[in-house]
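The following report concerns selected elements of secondary structure and their surroundings. The sequence and the model are shown first.

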Amino acid sequence: MNGRILQTLLAKDFMLYFRNRFFAFITIAGVILFIVVYFVLPSTVDESLTLGIYAPSIPDAFLEFLSGNDITLQAFDSDEALQQAVIDYQYPAGVSLEDNAISGILFGQETTVTVYFASDAPQEIVDMMRTVLRLALNELSYSLSGDPLALDFNEQIIGPDMTGAQLALRDRLLPLLAVALLVMETMGLGGLIADEIEHGTLRALLITPTTVAGFFTSKAVFGIALAFVQAALVLGVTGSLSHEPILLLLTLLIGSLLVTGIAFLIGAIARGMMGVMAWGMLAIIVMIIPAYGVVLPGTVSTWVTLIPSYYLFDTIHQVSNLGATWGAVLNKLVILFVAAVALLAAGVFVLERKLR
Amino acid sequence: MANHSIVARDLTYAYGENLAVDHISFEVGEAEIFAYLGPNGAGKSTTVKMLTGQIRPKSGTAALLGMDIAREPNKIQHHIGVAFETTNLYPQMSATENLALFARLFGVKADIPTLLERVGLGTRAKERVEGFSKGMKQRLMVARALVNKPRILFLDEPTEGLDPVSAEAIRELILETRANGATIFLTTHDMLEADKLSDRVAFINQGKIMALDTPHKLKQQYGKRLLKAEIERADGGLDTREITLDSADTGEAVKRLFENEKVVTVHSEEASLEDIFIQVTGRRLMG
């Protein structure tokens, strides 16, 4: 297929896409809305802290010291209840002061205090908690026994280990926003393909020098470009391309390939716009599931790694939020690429069978 | 061969076990209007699909303008135009945009305003096709088929379901296109249209060509010319009498009719292509 035909088909697809009011609206509104959502969400983490505590009797000196450092305590009836609250992300940390720990402090003996940290507690909070607890317990030791404290911390991270990597909500949501734009294109492109088949315009195109391969190429180029530009725009405007921009853009490009393959499948199997919507929504829901693992760590199981979009979300999250570089995400990128090529090949195969 | 635009030899196609086109052979001359007649499911559209390179024949060969359809489909596509039976325009585009798209795909500079004038859509050029009537869409389909100035024009049921004005406009366009030197392959089950327009007709039934000749020769070969007379009975009612023309005693029979009966009306009647089709295939065209 020559460049003129490809250019003509792309111009046609662009025109038809944006003449469909629904797709034009969700495309433009989606980009704007997602960027607005990002900036409306809080950009900082709340620094006033509430600490969970299990202690049969909480010494006053301990309480006074912590309240002087803007830390409030929430008492629990048992060590298990305290741990569960930390696992559930209700508190970034919890301290367990059992009777033997209090008596150890009281008699100036070497004492071990158990501290639980939530897996996504940021490093600065972990460090601060260590310092504050040590000072508070030291204060307690002096006030009770007059001796300096011989204290050891038994630190336990519970829940998935995200220590030091706590993120603002909007940064957690960023991969979701970017990938949501990508996967929404499954409906847009799938709709265009289904329309061409349903209205018989594809038959008319194939009477011209346009070939089946040319048709696929134009649709793939259009789908990849449309999805990629939107997602890249979101990352660009939100300032997320400052770290490893080429890696992030490559990830989005492979992601665009992935959604184009899905769009081919939808275009081949859907009948009419309702069919496109139904299959498209199903694809979007499945594709979005892995995002929960990023937005809410620990809420999804490992089976989400079977969904190709997991590698898309996770790579964007690792790179844009956690500062990962090529070496850290290369294997995921390869898996994503293989899945994208496989889906695209499946889409082309099914669509070609349908055309014949 | 040199003057043949289309040459088909033993062309065959099957959908699974169902033989849709069964070893058909024919030629279509340059600037000829060739009508391909048959009922629904007879194999008309399958033949057109093979000739236009949409599907590959299971066996047999076909050449358009001397080029083999299996070996040079892309070359052939530059020289053919196809107007499909069902509307397959881009409804969100205007009439002009639809034609411009296909002109670009063919790589030609088409005089789109003139083309739209020819099909009576000059004043609707900038309107989106979704607001067009069926007749307007059909005329635009024919215009689109002409956008690359094809040397062979395939028209699949071009006037089906159209109002008389739109149908006549398309017929005029067909004749005008032929006058400009193009070959027309007309697929239809409208016998009157075929009779009016075509130089030759082929009857296809169950994938086979049952008869192929000029309408005149087919009528001569299969039909009977009749004289139909209405006569008044003694009780005032009307009866019909038929006298076969072209027989040895035709003159005597006519004389007897006028001598012995009270003739009210007299009409000569030719066999129609429909009658001949029924005679040849044993079935009607419609359905």
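What covers the buried residues of α4(A)? The cover includes β1 (49-54), β3 (93-96), β4 (111-118) and β5 (151-158) of chain A. This is a predicted model, in which local features need pLDDT of at least 70, side-chain atom pairs count only at pLDDT 80 or more, and totals for chains, interfaces and linings use all residues. Residues are numbered from 1 along each chain as its sequence is written, and chains are lettered from A and ligands numbered from 1 in the order in which they are written.

Helix α4 of chain A spans residues 79-87, and its buried residues are Leu82(A), Gln83(A) and Val86(A). Viewed down the axis of α4(A), they fall within an arc of 100° and so line one face of the helix. The arc is that of the directions from the helix axis to the C-beta atoms. A buried residue has 20 or more other C-beta atoms within 10 Å of its own, with C-beta atoms placed from the backbone. Helices (H or I, at least four residues) and strands (E, at least two) are DSSP runs, numbered from the N terminus.

In chain B, six of the six residues of strand β9 (residues 200-205) are buried, so the strand is largely enclosed by the rest of the structure. Arg200(B), Ala202(B) and Ile204(B) point one way, and Val201(B), Phe203(B) and Asn205(B) the other. Strands pair if DSSP finds at least two bridges between them.

| Partner of β9(B) | Sense | Bridges |
|---|---|---|
| β3(B), residues 33-37 | parallel | four bridges |
| β10(B), residues 208-213 | antiparallel | five bridges |

Val201(B) is the bridge partner of Ala35(B), while Ile204(B) stands opposite Ile209(B) in β10(B).

Methods: Buried ≥ 20, exposed ≤ 12 C-beta atoms within 10 Å, placed from the backbone. Contact = placed C-beta atoms within 7 Å.
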